[in-house]
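Subject: Handing over a structure, with notes

Dear colleague,

I am passing a structure on to you, together with some notes for a reader who has not seen it before. Please look through the sequence and the structure before reading on.

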Amino acid sequence: MKRRDFLKMAGAAGAAMAGGSVMAAKGGSSAESEAPQKYKEFAVPAMDKVRVGFIGVGARGSGHVGHMIAIEGVEVKAICDRYQDWAERAAKRVVDAGQPAPDLYVGGEHEYRKMLDRGDLDIVIISTPWEWHVPMCVDAMNRGVHAFTEVPAAYTLEDCWKLVETAEKTERHCMMMENVNYGRDELMVLNMCRLGVLGDLLHGEAAYIHELRGQMNQVERGTGSWRTPHYMTRNGNLYPTHGLGPVSHYMNINRGDRYDYMSSISSKSKSRALYAKLNYPEDHKWNQGRFTCGDMNTSIIKTAMGRSIMVQWDENTPRPYDRLNLIQGTRGTWAGFPNRLIIEGETPSTHSWVQGGDLDEYRKKYEHPLFIKQGEIAQKMGGHGGMDFLMLWRIIYCLRNGEPIDQDVYDAAAWSAVGAISEMSVNNRGRCYDVPDFTRGKWKVREPLPVVS
Ligand SMILES: NC(=O)c1ccc[n+]([C@@H]2O[C@H](COP(=O)([O-])OP(=O)(O)OC[C@H]3O[C@@H](n4cnc5c(N)ncnc54)[C@H](O)[C@@H]3O)[C@@H](O)[C@H]2O)c1
């Protein structure tokens, strides 16, 4: 479609946007059905209190508990984990904050269903190993509980569709909690994109480059115990969304644009096997199997509106942390790690970056309203520099005000699908694959995510 035609269509749809359906039209997952005439973002009636249950309170989930109890209007009702001591540790945080002790559900791997069956939970926060995200989200939604899952939401296309279809059928929220979208820099860049400061967006670069081999020390329980087997059975981008989520919001993916097709290649796999050999005895679990996942994965995506995105993933090699966070438009470029900016006609040159302390004046100008409002408290509360708290605060705000949430099931599916397709492509000599349109055409009529305050 020509951009002119798209704008005409988007305008017509915008004019018809009052009222209308709250969720996607149901239907077959494979065929792209007609875009609805009217589209209103999905929201549920405002909740006075938000009654929360947690599944998984290990490294990540226990942090979520700590943040949630500090947010007004939240009642922590129940906690589920495989381990008694971790469940009790999380429950103690609730009691120490002056709330009644939550009920604990501990033991079997399906104990969480008993918690979901209790009937008084509005939402569930899922911070379990990757293989549990989809069954837990689906079980929650089927019981009327809104599902909020850690990243990635899913890692097969079939599972991505399962989330979309269950959310549509049950009319429940299903959010993949991509915290990086609530980072101070990412929010500011989103604001700049919405203001048109960088012009028409052309290209983005996203990554999760984080040396995590030390997690292999967790053999019996904890992150490394379940994450390491993924590196021994799969090959592709296993964790695509931290870099990709923000770039997708900048580009209005699912809201005016969408991923169209992509391909992916991985380097050979060396670093984890070397690490295991160096650090563990020969008969150690991590020296028994073979590491299949390439150390560095690179994917390229073309969007329907003609943009390009590069996504990289490397949790394996000695290299400084990096999410790239680059967005390039006809008027300028923002690049992260370290932060750099060029705006034609505004920064001194189109050949050299503004960086370091010189960025302060631009930050004053473009800081995101949400960060201006909540940034100080978020930074005090912490969690990756405040982004974790800000994300949870914003979720609760939306629920208590009956507003749509910023990341919906279509984002969860599309952003996660990039990981799933990277594996398909890597295993087929970098073959190009179409990315499903999980919105079934609604991306054409949805409004961009507003600059929320
Ligand atoms: N967004 C972020 O910045 C971020 C950071 C770290 C981890 N994560 C994500 O958080 C999730 C959890 O990671 P983690 O590092 O906390 O792992 P972890 O191993 O420390 O915690 C996982 C917890 O889930 C529990 N669990 C497993 N199966 C269960 C079941 N069937 N029923 C109930 N509880 C079950 C385990 O007992 C454990 O306590 C992962 O999806 C990971 O990718 C996200």
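The domain bounds used here come from an automatic or database domain assignment. On that basis the protein chain is divided into domain 1, covering 50-176, and domain 2, covering 180-370 + 408-444. Please keep in mind that this is a predicted model, in which local features need pLDDT of at least 70 and side-chain atom pairs count only at pLDDT 80 or more, while totals for chains, interfaces and linings use all residues. Residues are numbered from 1 along each chain as its sequence is written.

The C-alpha centres of domain 1 and domain 2 lie 26 Å apart, and 19 residues of domain 1 are in contact with 22 residues of domain 2 (contact means that the C-beta atoms of two residues, placed from the backbone, lie within 7 Å). On the side of domain 1 that touches domain 2, helix H6 (157-170) supplies the largest share, with five residues; helices (H or I, at least four residues) and strands (E, at least two) are DSSP runs, numbered from the N terminus. The residues of this side divide into 17 nonpolar, two polar and no charged, where Ala, Val, Leu, Ile, Met, Phe, Trp, Tyr, Cys and Pro count as nonpolar, Asp, Glu, Lys and Arg as charged, and the others, Gly among them, as polar.

There is also an open sheet of six strands, in the order E3-E2-E1-E4-E5-E6 and with parallel pairing (two strands pair if DSSP finds at least two bridges between them). Its edge strands are E3 (103-106) and E6 (174-176), each of which pairs on one side only. Within the sheet, E1 (residues 50-55) and E4 (residues 123-126) pair in the parallel sense over four bridges, and the bridge partner of Gly53 in E4 is Val124.

Turning to the ligand, 25 residues lie around it, and of these Gly56, Gly58, Arg60, Arg82 and Glu150 come nearest (a residue is near a molecule or strand if its C-beta atom, placed from the backbone, lies within 6 Å of it). The elements that give two or more residues to this shell are helix H2 (59-68), strand E2 (74-81) and helix H5 (130-142), with H2 giving the most, three residues. By class, the shell divides into eleven nonpolar, nine polar and five charged residues.

With best wishes
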